[in-house]
Amino acid sequence: MRCRIADINIEIRNTDPATEALCADFLSDFDRADIVIPVSPFEVKREMEESPYNNSFAYTESFLAFKKLSCQLAAYDAFLMHGAVVKVRGKGIIFSAPSGTGKTTHMLNWKKLFGDLTIINGDKPIIRFVDNQLKAYGSPWCGKEGYAENDSVVLTDICFIERASENSIHRLSPRDAVSELIGQTLIPKNSADALRVLGLVDDLLKKCAVWKIYCTKDTESAVIASDEILNAKEQIK
Amino acid sequence: MKLKTEFVVRNVADKTVAIAVDSSENSFNGMLTLNDSGAFIFEHLKEDTDMETIIKDFLAEYDATPEQAEGTITSFIEKLREAGLIEE
């Protein structure tokens with residue numbers, strides 16, 4: 001099946017037609033593929049046997065395609081981050097935190113406040129350097145809740161979320177954000193690609209404002225955070 | 001002695017970071033941040049080397065006494081050793 005994801009033409013050689021339904025929003029028609037991803041039924045069955053989860057063949061096939069794609073992104077000046085990206089009031093915001101911290105809850109609190117907010121990708125957005133900007137893209141691989149749009153946004157703000165008993169938001173210097181950001185970035189396992197991705201992360205820290213958000217589960221947390229972020233003076237150089 | 005695994009080292013937002021890029025699944029999956037002298041010693045450990053060579057080059061680069069150099073280098077290498085990153 002043919003998909004266009006992160007402005008890249010991708011041909012996935014799936015065997016299960018049901019996999020197409022999982023990628024429905026991203027199907028595309030093109031003459032020439034930039035990347036071809038074969039996935040054999042043998043690989044899928046082996047992954048299903050080794051997996052502790054009871055996922056379907058189609059889901060597993062799609063997951064393996066994603067895994068293989070993630071190894072080829074560096075050549076397109078792209079990488080994966082673990083976080084939820086939203087587009088709202090001219091901003092592209094990524095909420096990042098280890099799993100289970102509450103970034104989805106916080107993101108949904110923002111959605112309650114801003115009806116025109118778009119969730120670009122709720123779990124692992126593809127970040128790509130394009131036209132001298134860092135854009136975050138939706139993809140079929142967006143977490144178990146399935147929040148994604150076939151859309152993109154230029155990133156302006158990175159927010160690290162931490163659960164707390166009171167709501168507050170603080171500006172971080174790029175330097176202070178390095179460890180946490182790299183911790184949530186998929187760094188390739190070959191040195192040339194790893195260096196390329198680290199270069200993109202460096203660029204991301206130059207182009208975005210970085211914040212630390214301490215938040216409760218309540219909507220109030222989004223009020224406090226959005227007040228600061230949406231009213232912050234232009235930081236992009 | 002040298003580093004057990006391959007690292008890429010790069011400056012990110014004015015911090016020198018070192019990330020393991022060993023292709024095996026169970027490699028050291030972490031990140032180190034290095035200060036200036038740490039980055040210098042780390043670079044030496046990418047190839048097989050010994051204390052004498054590192055101390056000699058360190059003294060050529062930094063304004064330190066031989067005792068200070070040995071102390072700094074020993075302590076840094078010991079930390080790497082404790083993290084299982086040194087191959088003798």
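## Two loop residues of chain A

N132(A) sits in the loop that joins β8 (126–130) to β9 of chain A. This is a predicted model. N132(A) is exposed, and its relative accessible area is 54%. Its phi is near 60°. That is a positive value, in a residue other than glycine. Most residues other than glycine have a negative phi.

D7(A) also has a phi near 60°, positive although the residue is not glycine. Where does D7(A) lie? Its place is the loop between β1 (2–5) and β2 (8–13) of chain A. D7(A) counts as partly exposed because its relative accessibility is 37%.

## The largest nonpolar core

The largest nonpolar core has 34 residues. I158(A), L204(A) and L205(A) have the most contacts inside this core. Both chains supply residues. From chain A, β9 (133–137), β11 (157–163), α5 (174–183) and α6 (191–207) each give at least two. From chain B, β2 (7–12) and β3 (15–20) each give at least two as well. Helix α6(A) supplies the largest share of this core, seven residues. In soluble globular proteins, nonpolar side chains tend to be buried together.

Take L205(A) as a guide. Neighbours within four places in sequence are left aside here. In chain A, L205(A) is in contact with I158(A), P174(A), A177(A), V178(A), L181(A) and V210(A). In chain B, L205(A) is in contact with V12(B) and A13(B). Another core, of 24 residues, lies apart from the largest one. Among its residues are I5(A), I12(A), I35(A) and V130(A).

## Helices α5 and α6 of chain A

The axes of α5(A) and α6(A) come within 10 Å. They cross at roughly 135°. The two helices are therefore oblique to each other. Their crossing is right-handed.

Which residues make the contact? On α5(A) they are P174(A), A177(A), V178(A), L181(A) and I182(A). On α6(A) they are L198(A), V201(A), L204(A) and L205(A). By class, the contact has nine nonpolar residues, with no polar and no charged ones.

## Helices α1 and α3 of chain B

Now to chain B. Helix α1 (residues 36–44) packs on helix α3 (residues 66–82) at an angle of about 70°, and their axes are 10 Å apart. So α1(B) and α3(B) are roughly perpendicular to each other. The crossing is right-handed. From α1(B), the contact uses S37(B), G38(B), I41(B) and F42(B). From α3(B), it uses T72(B), I73(B), F76(B), I77(B) and L80(B). The contact of α1(B) with α3(B) has six nonpolar residues, three polar residues and no charged residues.

How enclosed is α1(B) by the rest of the structure? It is largely enclosed, because seven of its nine residues are buried. The buried ones are S37(B), G38(B), A39(B), F40(B), I41(B), F42(B) and H44(B). They pack against β1, β2, β3, β4 (31–34), α2 (51–61) and α3 of chain B.

## A buried loop residue of chain B

T5(B) lies in the loop between β1 (2–3) and β2 of chain B. Is T5(B) buried or exposed? T5(B) counts as buried, because its relative accessibility is 11%; the cut-off for buried is under 20%. Beyond neighbours within four places in sequence, T5(B) is in contact with A20(B), D22(B) and L85(B).

## Helices α4 and α7 of chain A

Helix α4 of chain A covers residues 103–113. Its buried residues are K103(A), T104(A), H106(A), M107(A), N109(A) and W110(A). The strands they pack against are β5 (84–88), β6 (91–96), β7 (118–121), β11 and β13 (209–215) of chain A. They also pack against helix α7 (220–231) of chain A.

L230(A) has its place in α7. At 22% relative accessibility, L230(A) counts as partly exposed. L230(A) touches V88(A), R89(A), K91(A) and F114(A), leaving out residues up to four places away in sequence. How far apart in space are L230(A) and E220(A)? They are 15 Å apart, C-alpha to C-alpha, and ten residues apart in sequence.

Methods: Residues numbered from 1 in each chain as written. Chains lettered and ligands numbered in written order. Predicted model: local features only at pLDDT ≥ 70, side-chain atom pairs only at ≥ 80, totals over all residues. Heavy atoms only, no water. Core = buried A, V, L, I, M, F, W, Y, C linked by side-chain atoms within 4.5 Å. Buried < 20%, exposed > 50% of the residue type's maximum accessible area, 1.4 Å probe, protein only. Helix = DSSP H or I, 4+ residues; strand = E, 2+ residues; numbered from the N terminus. Contact = heavy atoms within 4.5 Å. Axes fitted to C-alpha atoms, helices over the stretch in contact; angles between N-to-C directions. Parallel < 35°, antiparallel > 145°, perpendicular 65-115°, else oblique. Left-handed = near helix turned anticlockwise from the far one by under 90°. Nonpolar A, V, L, I, M, F, W, Y, C, P; charged D, E, K, R; others polar.
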